[in-house]
Amino acid sequence: MPRPMTNRRNDAFARSVPVRRNSTGAGGRLHDGNRSENYRKALRALDGSGSLGAVDVDEFVDAIRKEFADRYCSIPVGIVGKCYLGEPFEVHTLALDGAILEHYHRGQVLPGGLERARALAVSPAYLAVEVYPDRMVCARADGSIVIMESDS
């Protein structure tokens, strides 16, 4: 009697492997394209925010939000970047829900699940790390990105 050409064990395995979708855990679409020059310029300007007024910070936040809104994509929970203000600061965060910009000392714990992005944010390979509920997106200075899926 002829045997089937497919291996049933492999078929079952293929059905059990989750399919990667272009969405975040919150149900929105992930912006998986290169980041624009305006977006990168806004991220680079965040370190100067110690001398900027609230209106200037709001303009930067609006430019960052626009990057995602123009593509009908989910907005990250927050963005973490290397801080260039000098010691004792290591990273800064931008919480896009309330437009809060804060600089953190080395060893100071970042709020709201942003701590997992710290090691990537201080790397010279990335301009900033966008944090989503189920992944992180590392933006490079040239606008290209690296998507890091969460294990959970």
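**View 1. Proline 88 sits in the loop between strand S1 (78–82) and strand S2 (89–95).** Strands here, like helices, are DSSP runs numbered from the N terminus (H or I over at least four residues for helices, E over at least two for strands). What is the form of the peptide bond from glutamate 87 to proline 88? That bond is cis, with omega near 10°. A word on the model itself: it is predicted, so local features need pLDDT of at least 70 and side-chain atom pairs count only at pLDDT 80 or more, while totals for chains, interfaces and linings use all residues. Residues are numbered from 1 along each chain as its sequence is written, and side-chain values use heavy atoms, with hydrogens and water left out.

**View 2. Stepping back, the protein has four helices and six strands.** Starting at the N terminus, the elements go α-α-α-β-β-β-α-β-β-β. The six strands make an open sheet in the order S3-S2-S1-S4-S5-S6, with antiparallel pairing; strands pair if DSSP finds at least two bridges between them. Strand S3 (100–105) and S6 stand at the edges with a single partner strand each, so one side of each has no neighbour in the sheet. On average, neighbouring strands of this sheet are turned by 20° against each other, direction ignored (axes are lines fitted to C-alpha atoms, for helices over the stretch in contact, and angles run from 0 to 180 degrees between N-to-C directions).

**View 3. S2 and S3 run antiparallel, joined by six bridges.** Look for leucine 94: its bridge partner in S3 is leucine 101. The loop between S2 and S3 holds leucine 96.

**View 4. Leucine 96 is buried, at 3% relative accessible area.** Buried means under 20% relative accessible area, exposed over 50%, and partly exposed in between (1.4 Å probe, protein chains only). Which residues does leucine 96 touch, not counting residues up to four places away in sequence? They are Val61, Ile64, Arg65, Ile75, Pro76, Val77 and Ile79, where contact means heavy atoms within 4.5 Å. Leucine 96 and isoleucine 79 are 17 residues apart along the chain, and their C-alpha atoms are separated by 7.8 Å.

**View 5. The largest nonpolar core has 18 residues.** Such a core is a set of buried Ala, Val, Leu, Ile, Met, Phe, Trp, Tyr and Cys residues joined through side-chain atoms within 4.5 Å. Those with the most contacts inside this one are Tyr39, Leu43, Ile64, Phe68, Ile79, Leu94 and Leu96. Helix H2 (37–45) and helix H3 (54–69) are the elements that give it two or more residues, and H3 supplies the largest share, five residues. There is also a second, separate core of 14 residues, which includes Leu110, Leu120, Val129 and Val131.

**View 6. Strand S5 (residues 135–139) and strand S6 (residues 145–149) pair in the antiparallel sense over five bridges.** Opposite valine 137 you'll find isoleucine 147 in S6. The two strands form a hairpin with five residues between them, and glycine 143 in the turn has a positive phi of about 100°.

**View 7. Cysteine 83 and cysteine 138: buried or exposed?** Cysteine 83 counts as buried because its relative accessibility is 6%, and cysteine 138 counts as buried at 0%. A search of the whole structure turns up zero disulfides (a disulfide is a pair of cysteine sulfur atoms within 2.5 Å).
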